[in-house]
Amino acid sequence: MNSFTRKGDFWAGLALAALGVYIISQALGWTYMAEEGPGAGFFPLWYGMVMIVLSLLLVAGTVLKHDPTAKRKEVRWAEMRRAMTCWAAFAVCVAVIKYVGFMIAFGLLTWFIVAIMFKRPQRVALAYAIGGALGFYALFSWGLELQLPIGTLFQ
Amino acid sequence: MDIFSGLIQGFSVALTPMNLAMCFLGCFLGTVVGVLPGLGPPATIAMLLPLTFKMDPTGAMIMLAGIYYGAKYGGSTTSILMNVPGETSSVATCLEGYQMARKGRAGAALGISAIASFVAGTIGTVALMLVAPPLAKLTLAFSAPEYFALMVLGLTMVVLLAGDSLTKALLSMMVGLWIASMGTDIFTATSRFTFGQTEMLGGIDFVIVAIGIFAVGEVMANMEPSKPIDMLPIPKGLKNLMPTWQDLKDCRFAFINGSVVGFLVGILPGAGATISSFLSYGIEKSVSKHPEKFGTGVIEGVAAPEGANNADTAGALVPLLTLGIPGSGTTAILLAALVLWGFKPGPLFIEESPALFWGLVASMYIGNVVLLILNLPLVAVFAQLLKMPGYAMYPLILGVSIVGIYTTDSSIFQLGLLVGFGLVGYAMRKLDFPTAPLVLGLVLGDAMEKALRQSLMMSQGHLSILFRPIPAILLLLAAFLLIVPLIKKFNSVRVQVIDQEA
């Protein structure tokens, strides 16, 4: 594999170019200019075109330019693993909120971060999970009278 | 209303028990987020913004502004004690502050930092009070073409100063414009980029993007493994935190330098506190009688940048409140807050909402006193926050993010968007895409498109309307600012090629 394909900028440029193409394809379906003035497609068409040009410049720059810091800019998957695990846990928490409600979903997220990601003892993780969930309930539901998400399982 | 009567009205608003409490809360939270590396004012303000919807807007604005300028005070603590800036605006403080701490003068460095912040913050507020009303009157004559050109110039400056890569900054802004276009077009009622989802007809709420990118993205970035950093000890007792008379005498020019440079740079969109602090540090070094000592722990080198990053806050509020043009990610969130509460920042803002404007100005005077009191004797207490483990803090940030989004719309769909924008924020950090242009593009995108389309409606589609004197000058300036680095870049590539050939 060529070195530029290991750089995030190369793939980001391609993704943004694809987004630019999508924006233009959508904008072409809307009115560009009507009698009373510019239509819904006017503005997106222009920034879509600029986006394509800029993303291709980014891709070309990554492929053609010799960059002495290239090694540093390569995507390091090992470093990202923890961040992505946290994100996945957050995504699961949001997905299950609909069913189990905020209190349980947040408690599980906290337990996961404390016990699994930071490898703290179970009693510490459970204390943070239960204490945190109760704290949120006390502050937002009682204190600020805000509605926390309620799960369908408990309705 | 003249300035004097405005200020009296402002103090009558700011001194109510509730607004005083909000000012104190904002300053306290600002100091906390300033001390904690990895949690900045944009993330905090974005997370708390939805919780302010049921509050009195004046009190809420006083609190959010308190977080904004309070963070600048707190940011110096880690710079001095750990050589790790709590905020990007405190990077320059590391240069001399940490060296002072290593020599056993941490107390004096922390003390002068708080005093410089107080002096410059107060001078900046005076300047805001004097500059904003006449500037607002001056811009009353602006119509759609002038506003469009002004927004282009504002975005250009933010893009120009946002990061190493101009291309990435521009792309970031384009993505912001795209997100701003989502939903129903206000002119033609056409649905744009809704992906067939009815929830998207109203567009994507700014708060979701801001919390996702700043708060969730920040938590993810902080999850990556990092080495623990040692903290130097803080001297105990207020006496040991006070600089000597000689220190204060040495810092006379630094206080003025920081105040003036900070305020003026703050007015410029995109320039921001980091630039103002480095600029004032550079000026301080160049006018110093002993420039060779800079880098070894010179107290003026702490006072100037710390003053500048505080005066910058007041400067940044000038274009925000008088033109409705934010100059950074944080002021963009403040602009969104004002709009969400039903205010219209712009030339008529001071006239239409005097209680809010003057109440905010008066609260900044009070806030600077509160921050001086909080930061001098209690700096050791705030420094203890640095011992707070990540596993205690990160779930809290994620939890507040969820609650903040859910309270705006009670929609699980919006929470799904939050998850998505969290990933976008993290990816942007990893790939060195600046986040400020995206947020500004998103905040200004709608108004910018509206101004452009209104201009072209006025001229029946002719672009000549944008070449009236004021818009033409602003657009030419924007074009010039974008072209200059390209030429410089072209030149550096040329030099590189010549070097290689040689």
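How many helices and strands does chain B have? Chain B has 21 helices and 2 strands. This is a predicted model, so the confidence scores come next. The model scores ipTM 0.91 and pTM 0.82.

Take chain B by confidence. Its mean pLDDT is 85. Of the residues in chain B, 92% reach 70 or more. Among the elements of chain B, H19(B) has the highest mean pLDDT, at 93. Helix H21 of chain B, residues 469-501, has the lowest, at 71. Chain A averages a pLDDT of 87. In chain A, 91% of the residues score at least 70. Confidence in chain A is highest in helix H1, residues 8-27, at a mean of 94. Confidence is lowest in helix H3 of chain A, residues 70-73, at a mean of 60.

Now the overall form of chain B. The C-alpha atoms of chain B fill a box of roughly 70 × 70 × 50 Å along the principal axes. How does the radius of gyration of chain B stand against that of a compact globule? A compact globule of 502 residues would have a value near 23 Å, and chain B has 23 Å, so the two agree. Burial can be read alongside this. Of the 502 residues of chain B, 59% count as buried. Contacts in chain B can be sorted by sequence separation. Among those with a separation of 6 or more, 81% join residues 24 or more positions apart.

Chain A gives its own picture. Its secondary structure comes to 5 helices and 2 strands. From the N terminus on, the order is α-β-β-α-α-α-α. The domain assignment of chain A gives domain 1 (3-73) and domain 2 (77-154). Helix H3 of chain A, with residues 70-73, falls at the end of domain 1 (3-73). How far apart do the C-alpha centres of domain 1 and domain 2 of chain A lie? The C-alpha centres of these domains are 37 Å apart.

The dimensions of chain A follow. A compact globule of 155 residues would have a radius of gyration near 15 Å, but chain A has 24 Å. The C-alpha atoms of chain A fill a box of roughly 60 × 55 × 25 Å along the principal axes. Buried residues make up 33% of the 155 residues in chain A. Contacts in chain A between residues at least 6 apart in sequence can be sorted too. Of these, 57% join residues at least 24 apart.

Next comes the interface. The contact takes 49 residues from chain B and 52 residues from chain A. Which helices of chain B each supply at least two residues to the side that touches chain A? They are H8 (166-181), H9 (206-223), H18 (390-409), H19 (412-430) and H20 (436-458). The largest share of this side of chain B, 12 residues, comes from H18(B). By class, the side of chain B that touches chain A has 31 nonpolar, 11 polar and 7 charged residues.

One residue takes the reader from helix to partner chain. B:Met457 lies in helix H20 of chain B. B:Met457 touches A:Glu36 and A:Gly37, leaving aside residues up to four places away in sequence. Is B:Met457 buried, partly exposed or exposed? B:Met457 counts as partly exposed because it has 16 C-beta neighbours inside 10 Å. Within chain B, the C-alpha atoms of B:Met457 and B:Leu150 are separated by 18 Å. Along the chain, B:Met457 and B:Leu150 are 307 residues apart.

Two loop residues of chain B deserve a look at their backbone. B:Asp432 is not a glycine, yet its phi is positive, at about 60°. Where is B:Asp432 placed? B:Asp432 sits in the loop between H19 and H20 of chain B. B:Asp432 has 14 other C-beta atoms within 10 Å, and therefore is partly exposed.

B:Phe195 lies in the loop between strand S2 (191-192) and H9 of chain B. Why is B:Phe195 exposed? B:Phe195 is exposed because it has 8 other C-beta atoms within 10 Å, and the cut-off for exposed residues is 12 or fewer.

Definitions and conventions. Residues numbered from 1 in each chain as written. Chains lettered and ligands numbered in written order. Predicted model: local features only at pLDDT ≥ 70, side-chain atom pairs only at ≥ 80, totals over all residues. Contact = placed C-beta atoms within 7 Å. Helix = DSSP H or I, 4+ residues; strand = E, 2+ residues; numbered from the N terminus. Nonpolar A, V, L, I, M, F, W, Y, C, P; charged D, E, K, R; others polar. Domains from an automatic or database assignment. Rg over C-alpha atoms; globule rule 2.2 N^0.38 Å. Buried ≥ 20, exposed ≤ 12 C-beta atoms within 10 Å, placed from the backbone. pLDDT = per-residue confidence, 0-100.
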